[in-house]
Amino acid sequence: MANALRGELSVKINNASVPALINMNAFRLLSDRFNITLAGIDEHLNDDPLNTIPKIVFCGMVNHCQRTGNPEGALPTFEQICAFVCEDETTFTQITNDVLATLAPDPASEGNAVAVPK
């Protein structure tokens with residue numbers, strides 16, 4: 001069974017597509033690294049979306065690295081990720097929509113990522 005509170009996206013950074021896996025572990029990382037609790041995400045998104053969306057994406061990228069066994073140090077810096085996520089309104093809107101889809105999934109959908117095979 002797929003997890004509805006889960007989504008995958010990628011951000012094009014310097015002509016490379018950097019994957020992010022946004023799931024409960026990504027939100028745990030968000031809480032740990034940026035002191036944004038699961039209960040406080042809505043407030044942060046409403047008050048400061050230009051910082052909150054990149055933080056969620058960054059934590060999704062770190063999460064993807066952890067799951068695939070790749071070093072986190074291979075990721076672009078957080079500020080560089082921000083520069084590309086906030087590149088323009090169209091890019092920011094698309095990434096925001098992808099992130100929000102993981103927070104408020106369609107109840108008829110099983111999510112856009114399946115569980116890792118056993």
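## Exercises on ring pairs and helix packing

Phe34 is partly exposed, its relative accessible area being 23%; by this scale, computed with a 1.4 Å probe on protein chains only, buried means under 20%, exposed over 50% and partly exposed in between. The model is predicted, so local features require pLDDT of at least 70 and side-chain atom pairs pLDDT 80 or more, whereas totals for chains, interfaces and linings use all residues. Residues are numbered from 1 along each chain as its sequence is written, and side-chain values use heavy atoms, without hydrogens and water.

**Exercise 1.** Determine how the rings of Phe34 and Phe78 are arranged.

*Solution.* Step 1: rings of Phe, Tyr and Trp (its six-membered ring) pair if their centres lie within 6.5 Å; planes under 30 degrees apart are stacked, over 60 edge-to-face and the rest tilted. Step 2: the structure contains three aromatic pairs. In one of them, the centres of Phe34 and Phe78 are 5.3 Å apart and the planes stand at 45 degrees, so this pair is tilted. Step 3: Phe34 belongs to helix α1 (residues 24-34) and Phe78 to helix α4 (residues 78-85), so parts 44 residues apart in sequence are tied together. Helices are DSSP runs (H or I, at least four residues), as are strands (E, at least two), numbered from the N terminus.

**Exercise 2.** Describe the packing of α3 and α4.

*Solution.* Step 1: their axes (lines fitted to C-alpha atoms over the stretch in contact) lie 10 Å apart at about 120 degrees, on a scale from 0 to 180 degrees between N-to-C directions. Step 2: the helices are therefore oblique, since under 35 degrees is roughly parallel, over 145 roughly antiparallel, 65 to 115 roughly perpendicular and the rest oblique. Step 3: contact, meaning heavy atoms within 4.5 Å, involves residues including Phe58 and Met61 of α3 and Phe78 and Ile81 of α4.
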